[in-house]
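Please look through the sequence and the model shown here before reading on. The paragraphs after it are meant to be read with the structure open beside them.

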Amino acid sequence: MSAPPSAPREAKTRTTAVVLAGGTGQRVGLAIPKQLLKIAGKAVIEHTLTIFERADCVDDVIVLMAPGFVADVEKIVAKAGLTKVTRIIEGGATRNETTERAIRALGEGLADGEDPNVLFHDAVRPLLSQRVIKDCVAALDRYQAVDVAIPSADTIIVTRTHGEDGEFITDVPDRSRLRRGQTPQAFKLSTIRRAYEIAAGDPNFQATDDCSVVLKYLPDVPIHVVPGDEYNMKVTQPVDVFIADKLFQLASTAAPAQADEDAYRALLSGRTLVVFGGSYGIGADIAALAERYGARVYALGRSTTGTHVENPQHVEDALATAYGETGRVDYVINTAGVLRIGKLAETDNATIQEALNVNYLAPVQIARASYKYLVETKGQLLLYTSSSYTRGRAEYSLYSSTKAAMVNLTQALADEWAADGIRVNCVNPERTATPMRTKAFGQEPAGSLLSSEAVARTSLDVLLSELTGHVIDVRQQDPTRAAGEASGFEQALAAVLDRQEDV
């Protein structure tokens with residue numbers, strides 16, 4: 001007896017992200033639109049578009065750009081390979097006019113009965129989380145209009161101006177009911193289109209956001225609120241540029257783990273890894289793991305192979321040997337480092353020179369020498385920093401400052417080598433049980449340190465990911481917090497606080 005035919009599968013509703021980039025840079029004091037300003041090595045709008053490029057629930061992206069700057073965005077999209085961006089349209093003179101142009105563009109070529117989801121997002125909110133995007137799209141399964149908002153930490157006051165006497169408070173609303181609106185604002189296309197059609201008949205129509213248009217002209221349509229994120233800031237004032245840049249620096253990135261052992265084996269088999277600092281600790285564990293999954297590994301160290309990373313010729317020879325024997329170099333990892341504790345005024349010249357040579361100049365030379373091999377394989381350079389990179393501390397001046405340099409080197413090279421297809425990342429382990437640390441601090445309480453094997457596993461995940469230009473924190477799991485519970489802002493704040501104690 002044949003099985004009954006299955007019910008036809010319901011077609012997935014298409015979701016389009018509309019990136020509103022019609023603003024200028026006047027409040028930031030720029031001659032160009034603020035969305036073209038560079039933060040963390042990339043234009044603000046590139047960061048924003050990349051977020052939607054990586055969002056599985058977003059099908060395509062439309063950009064509404066400030067008049068006269070469409071070509072600039074076209075170049076950014078082409079260089080970054082942002083395949084979801086299908087149209088770049090010149091925006092209008094006002095936010096409302098820009099939205100209306102987007103609605104018209106979205107309505108072109110729709111099949112009868114098709115009612116796609118649309119997410120309107122400010123281009124100058126480049127720290128939007130994937131969680132917020134998913135929540136907005138999911139909410140559109142039940143609601144026709146969705147806003148994103150966060151509680152107000154500040155008391156809000158209502159004022160009135162009395163001539164030359166200035167402002168005076170007239171009301172202090174209950175803060176528990178107040179929220180700060182963010183974007184994206186999400187709608188069924190038919191809903192936001194209808195709201196604007198009705199608004200067009202109002203000679204006094206004026207609005208600064210799209211949910212307020214629905215609220216006023218379609219009062220029977222409930223507007224659901226999705227919790228936002230403190231991280232999702234808007235770059236509007238000059239200080240925002242500085243804050244956003246620092247948030248990009250501090251934000252931890254999680255490297256996606258592979259599905260199973262077979263996935264690691266499939267991705268590493270036949271690949272060539274060169275590990276400087278591979279004699280012991282994290283480097284040795286990376287080498288062992290990669291070899292287990294079928295990679296050809298060259299683990300190099302002072303005590304095992306006589307390789308001195310501070311010697312440029314040793315670095316050149318090691319890479320040339322690996323390439324000559326395998327015909328490729330896919331990944332170059334540098335875990336070599338020295339940690340000397342002491343007051344700078346009491347440190348001799350030889351110790352200072354050693355720290356600079358091993359912790360800074362060696363990674364620079366490794367990067368230079370690796371370039372010609374990595375450009376051939378579209379491979380990756382992986383460096384390591386310390387949790388002290390955000391703020392140097394007494395008696396760690398040489399170590400902290402050289403490790404901060406690794407973060408800057410990573411971000412600079414990731415941008416510099418992006419067009420060549422080379423990825424550059426930096427792993428930031430919290431206090432880790434390694435021979436170098438034991439030598440500096442002696443034996444420490446069991447369970448207080450991260451294992452070098454855990455750092456090595458995350459390092460492999462970074463190598464096999466598409467990440468570039470990121471600082472990846474590796475931290476012990478907090479058993480009191482569910483996985484994924486902390487927001488990006490909470491993670492960054494916790495990392496900053498923890499770094500007051502880490503080395």
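Predicted model: local features only at pLDDT ≥ 70, side-chain atom pairs only at ≥ 80, totals over all residues.

Residues are numbered from 1 along each chain as its sequence is written, and side-chain values use heavy atoms, with hydrogens and water left out.

The protein chain holds 15 helices and 19 strands; here helices (H or I, at least four residues) and strands (E, at least two) are DSSP runs, numbered from the N terminus. Of its 503 residues, 47% count as buried, where buried means under 20% relative accessible area, exposed means over 50%, and partly exposed lies in between (1.4 Å probe, protein chains only). If we take the contacts (heavy atoms within 4.5 Å) between residues at least 6 apart in sequence, 74% of them join residues at least 24 apart.

In soluble globular proteins, nonpolar side chains tend to be buried together. A nonpolar core is a set of buried Ala, Val, Leu, Ile, Met, Phe, Trp, Tyr and Cys residues joined through side-chain atoms within 4.5 Å. In the largest such core, which has 36 residues, those that touch the most other members are Ile 45, Leu 49, Phe 52, Val 61, Val 63, Met 65 and Ile 133. Two or more residues come from each of β1 (15-21), α1 (44-53), β4 (60-65), α2 (70-80), β5 (85-90), α4 (130-139) and β7 (145-151), and α4 gives the most, with 5 residues. There is also a second, separate core of 31 residues, which includes Ala 318, Ala 369, Leu 374 and Leu 413.

Because 6 of its 6 residues are buried, β4 is largely enclosed by the rest of the structure. Asp 60, Ile 62 and Leu 64 point one way from the strand, whereas Val 61, Val 63 and Met 65 point the other way. Apart from residues up to four places away in sequence, Val 63 touches several others, among them Ile 45, Leu 49, Val 73 and Ile 89.

β16 pairs with β15 in the parallel sense over 5 bridges, and Leu 382 stands opposite Asn 425.

How far apart are the end C-alpha atoms of helix α11? They are 40 Å apart, which agrees with the 42 Å that its 29 residues (349-377) should span at 1.5 Å a residue, the expected span being 1.5 Å times one less than the number of residues. The helix has a kink of about 50 degrees centred on Tyr 371, where the bend at a residue is the angle between axes fitted to the seven residues ending there and the seven starting there. Its buried residues include Ala 355, Val 358, Ala 362, Ile 366 and Leu 374, and what covers the buried residues includes α10 (312-326), β15 (380-384) and α12 (397-416). Just after α11, Lys 378 takes a positive phi of about 55 degrees.

Finally, consider two residues in loops. Phe 205 has its place between α5 (189-199) and α6 (211-217), and with 18% relative accessibility it counts as buried. Its C-alpha atom is separated by 9.2 Å from that of Asn 96, which is 109 residues away along the chain. Leaving aside neighbours within four places in sequence, Phe 205 is in contact with residues including Asn 96, Glu 100 and Tyr 217. Ser 152, in the loop between β7 and β8 (158-161), is buried as well, with a relative accessible area of 8%. The side chain of Ser 152 reaches the backbone oxygen of Asp 154 at 2.8 Å, and beyond its neighbours within four places in sequence Ser 152 is in contact with Arg 175, Leu 178, Arg 179 and Arg 180.

Technical notes: Pairing = 2+ DSSP bridges. Polar contact = N/O pair within 3.5 Å; in protein donor to acceptor, adjacent residues only side chain to side chain.
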